[in-house]
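Me: I'd like a close look at a single part of this protein, one residue and whatever surrounds it. Could you walk me through it in one go?

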Amino acid sequence: MGPQLKVVERTRTATMLCAASGNPDPEITWFKDFLPVDPSASNGRIKQLRSDTFEGTPIRGGLQIESSEETDQGKYECVASNSAGVRYSSPANLYVRELREVRRVAPRFSIPPTSHEIMPGGNVNITCVAVGSPMPYVKWMQGAEDLTPEDDMPVGRNVLELTDVKDSANYTCVAMSSLGVIEAVAQITVKSFPKAPGTPVVTETTATSITITWDSGNPDPVSYYVIEYKSKSQDGPYQIKEDITTTRYSIGGLSPNSEYEIWVSAVNTIGQGPHSDSVVTRTGEQAPASAPRNVQGRMLSASTMIIQWEEPVEPNGQIRGYRVYYTMEPDQPVSNWQKHNVDDSLLTTVGSLLEHETYTVRVLAFTSVGDGPLSDPIQVKTQQGVPGQPMNFRAEAKSESTILLTWSPPRQDIILKYELLYKEVSNKPGTPEFLKTFDPVTFFLVKELNPNTEYVFQLAARSTLGLGAPTSEVRERTLQSKPSAPPQDVKCVSTRSTAILVSWQPPPVESQNGDLEGYSVRYRGLDPEVSELKEVKDIPATTTQISLDSLEKWTEYRITVVAHTIMGPGPESSPIIVRTDEDVPSAPPRKVEVEVLNSTAIQVFWRSPIQNRQHGQIRGYQVHYVRMENGEASGLPQIKDVMLADAQWETDDTAEYEMVISGLQPETTYSVTVAAYTMKGDGARSKPKQVMTKGAVPGKPILSVYPTHENSLLVKWEPPVEAESQVLGYRLQFGRKDVDPLATLEFATQEDKYTATHVHKGATYVFKLAVKSR
């Protein structure tokens, strides 16, 4: 521990603290402004303390300056040393001020305690700081209870630490000195769930809504309210309305004439509180929402029929009665039909009917509010003994080719057979009707129907006395199926060397067998290297063309198109074979070789590019050659074209080619490349091949032969014209024409004659002279 900054009034005592530890115990010395402090030279005014503590702080080695003077002001540091080393403290300034009159100040809060809002079980620290002269003591209280022990009351500052707080409370900070006592209160508020609102009060009801109001029941603000409600006549979950910010709300979308139980709860930042007590109320009546059920009629006599029915599923109130409408002209408005009112009964009789006629009957229910909807029409034949109309006639598609019909038999009738009449729903004239007759059952599966086709059905019962009235028409559509025909008018056109445009038209409507979900295009290359089958899927049903991209160049593809319904894909269209467009070859000719023939000619050999990189029909080759000087081309390249006849157009990569290039310069380096071309242009060139032509061949030397008189011949020669510098020597071959082989002699450059001896007279001799060059 080292000294700290200190301000002292003149003549007062200043104490600079210092403590150090070590083994062995260190000695403490002091420096002021970097000079040693010598307590012995101060007449006892400056002392080095040896006590263990000062106001609870260990200060062995502290420096005490009594009756401080201005000369004591400066920068102090203490130094600890022992046999192990030396340690300096940080320097600290001592300021000496003029002696002032002590001012007494009553306590005041420099940092008053602040209120907090916390979650249940939370922790909080409350800080309270008071100042004055003398400095006040500070303690905490809760009501009359002291929270700070009297023997441990701090001066100036006190922090109250609260943990696991469950309840809201007020805490008082008390600051006291000889000049007075002051207090400040901090409020700790523990957040809690809201309380239950008051019981809802129903203020208004209609057939489909209930309006309620309620008392908040919470002194503190709430975020919003939640309403939960449930029909007492139906099982199922509660309905919930949230984010309600007022204490009045109308619940809509309710069922008429139904009893509901309603609760309200409040929500704040902590969460949702408990429910209120519930209120039970009933919505108002309304006209029935559904018609009477299972309406049926049968004849009691030749002119009287009995009509019976069941209550509506949704009466929406108390049923006050029923109205029965009947007519022989069902196309007329119901207002023109005959009407028969029934009070509180589920059957009635209607008399004075005409015999051997068919009447159409409909029934409705009514409440005090109004009439409900009419039932579906039924037909009744005024012929005694014939069956009534089958009830609850329904149709349900079971597959793409079958529809199941179900019904309930007429009441109190003996049925011998049922007759079923059905046909396709179509605008086409002459649509055939089908009649099926079968024994008494309550269901029938109609088979061999067309997919995704709507049919209309009517069913009648037959007894021994005749055929009863048929049911009203019932319509049903068979399920969808896969298309039974492929897309039509499929066309494929190559748009570039790597793309083919495929277009088509949908399958015939009668073969689609459902709503088209889309198309897929399948394709694969006929080249074994690209023969993997690929498919473009999920093409929208509104699309009738796509471009197949990233294809191989100059490659044949087999392409088909398939239509899809929700049930799956139909058959493929007939395959179309189409080839992508040509392109320039992407590979150079192979095995390019160059052979020097002489000083002015070379011969170039090559083979065609590999098959899958020709990208078209190879129409010919171009041989590029250029003279090289110092490793660089000199002048423009020359081009020799090898155009292939149609019969030579390649279909494989086994063909070999050659070309002789003449007219070259002797002893000259040439660079040669070869490129194949298609109708689209030149392809990649081969790597350059460099060769040097041979040196120039000298011309013929000038040879002369002279006979001498001594059975010998003198042979003389001269070098070729303008080729003396190229002559390295001569080779002479000579001998009798009838003797093989000829003798051969070599001569140096400077030699120009030779004498042949032992020549036979009368014999013919042959002389040949050649020039040797580089």
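Reply: Let's start with a cut-off: a residue counts as buried when its relative accessible area is under 20%, as exposed when that value is over 50%, and as partly exposed in between. Keep in mind that this is a predicted model.

The part to zoom in on is Asp583. Its relative accessible area is 19%, so Asp583 is classed as buried. As for where it sits, Asp583 is in the loop that runs between strand S49 (576-579) and strand S50 (590-596).

Setting aside neighbours within four places in sequence, Asp583 is in contact with Ser497, Lys553, Gln614, His615, Thr678 and Lys680. With Lys553 there is also a polar contact, side chain to side chain, at 3.2 Å.

Residues 196-286 are 0% helix and 44% strand, with end C-alpha atoms 34 Å apart. Residues 389-481 come out at 0% helix and 51% strand, and there the end C-alpha atoms are also 34 Å apart.

Together with Met135 and Val155, Tyr137 forms a nonpolar patch on the surface, and the three share about 280 Å² of accessible area.

Note on methods:
Residues are numbered from 1 along each chain as its sequence is written. This is a predicted model: local features need pLDDT of at least 70, side-chain atom pairs count only at pLDDT 80 or more; totals for chains, interfaces and linings use all residues. Side-chain values use heavy atoms; hydrogens and water are left out. Patches are made of residues with over 30% relative accessible area and no salt bridge: like charges are joined within 9 Å, nonpolar side chains (Val, Leu, Ile, Met, Phe, Trp, Tyr) within 5 Å. Accessible areas come from the Shrake-Rupley method with a 1.4 Å probe; for residues, only the protein chains shown count as cover. A salt bridge is a side-chain nitrogen of Lys or Arg within 4 Å of a carboxyl oxygen of Asp or Glu. Helices (H or I, at least four residues) and strands (E, at least two) are DSSP runs, numbered from the N terminus. Buried means under 20% relative accessible area, exposed over 50%, partly exposed in between (1.4 Å probe, protein chains only). A polar contact is a pair of N or O atoms within 3.5 Å; within protein, one must be able to donate a hydrogen and the other to accept it, and residues adjacent in sequence count only if both atoms are side-chain atoms. Contact means heavy atoms within 4.5 Å.
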